[in-house]
Amino acid sequence: MSYCREEGKDRIIFVTKEDHETPSSAELVADDPNDPYEDQGLILPNGDINWNCPCLGGMASGPCGEQFKSAFSCFHYSTEEIKGSDCVDQFRAMQECMQKYPDLYPQEDDEERENQSKDLETTPAEAAVAKEEKGSS
């Protein structure tokens, strides 16, 4: 005998062997391309931004979500010759918000930047020295 019980948010369904022997009568419904809740990518078919897109990595829902949405929307809908050049204030507000949450939005340290630039400067010199040593042996 089949039955169902609920435990909190879960529904547990017990079925019999006979229930499994009967073919399913379920019909698959074709995906609606205009359903805004389906995974459609970043831009929905109607041109709107899909704020639920996993490609945004949660940026639209974090503590700076509203600032992110404002800046991204401005950029997306920008009609300026240099796209987004009219969105500087929105991006600045987003950056200021992100600086308040360094654990969530890590910033590259000045020290790291200096080390990277030193690495870039010394790499060609090291290559030249290695080339000379190889040629003289």
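This briefing describes the predicted model shown above, topic by topic. Local features are reported at pLDDT of at least 70 and side-chain atom pairs at pLDDT 80 or more, while totals for chains, interfaces and linings use all residues of this predicted model. Residues are numbered from 1 along each chain as its sequence is written, and side-chain values use heavy atoms, with hydrogens and water left out.

The protein chain contains four helices and two strands, where helices (H or I, at least four residues) and strands (E, at least two) are DSSP runs numbered from the N terminus. Along the sequence the order of elements is β-β-α-α-α-α. Of the 137 residues in the protein chain, 14% are buried; buried means under 20% relative accessible area, exposed means over 50%, and partly exposed lies in between (1.4 Å probe, protein chains only). Contact stands for heavy atoms within 4.5 Å. Among contacts between residues at least 6 apart in sequence, 26% join residues at least 24 apart.

**Strand pair**

- Strands β1 (residues 3-7) and β2 (residues 10-14) run antiparallel and are joined by five bridges; two strands pair if DSSP finds at least two bridges between them.
- R5 stands opposite I12 of β2, and E6 has R11 of β2 as its bridge partner.
- Two residues lie between the strands of this hairpin, and G8 takes a positive phi near 65° there.

**Annotated region**

- UniProt, in an unreviewed entry, places the feature "domain: CHCH" at residues 64-100; its positions are given in the numbering used here, feature names are shortened, and annotations may be inferred rather than shown by experiment.
- Over residues 64-100 the chain is 68% helix and 0% strand.
- The end C-alpha atoms of residues 64-100 are 9 Å apart.

**Helices α2 and α3**

- The 13 residues of α2 should span 18 Å at 1.5 Å a residue, and its end C-alpha atoms are 18 Å apart, which agrees; the expected span is 1.5 Å times one less than the number of residues.
- Helix α3 (residues 88-99) has 12 residues and reaches 16 Å from its first C-alpha to its last, close to the 16 Å expected.
- The buried residues of α3 are M94, C97 and M98. They cover an arc of only 100° around the axis, so they lie on the same side of α3; the arc is that of the directions from the helix axis to the C-beta atoms.
- These buried residues of α3 pack against α2 (65-77).
- In α2 the buried residues are G65, F68, A71 and C74, and they pack against α3.

**Nonpolar core**

- The largest nonpolar core has nine residues: L56, A60, C64, F68, A71, M94, C97, M98 and Y105. Such a core is a set of buried Ala, Val, Leu, Ile, Met, Phe, Trp, Tyr and Cys residues joined through side-chain atoms within 4.5 Å.
- The elements that give two or more residues to this core are α2 and α3, and the largest share, three residues, comes from α3.
- In soluble globular proteins, nonpolar side chains tend to be buried together.

**Individual residues**

- C97 touches P63, C64 and Q67, not counting residues up to four places away in sequence.
- Q67 lies in helix α2 and is partly exposed, with a relative accessible area of 28%.
- Leaving aside neighbours within four places in sequence, Q67 is in contact with Q90, A93, M94 and C97.
- Q67 and Q95 are 28 residues apart in sequence, and their C-alpha atoms are 8.6 Å apart in space.
- I49 sits in the loop between α1 (17-21) and α2 and is buried, with a relative accessible area of 8%.
- With neighbours within four places in sequence left aside, the contacts of I49 are L42, I43, L44, F72, S73, H76 and Y77.
- I49 and Y77 are 28 residues apart in sequence and 9.8 Å apart in space, C-alpha to C-alpha.
- S78 is found in the loop between α2 and α3 and counts as buried at 9% relative accessibility.
- Not counting residues up to four places away in sequence, S78 touches K83, G84 and D86.
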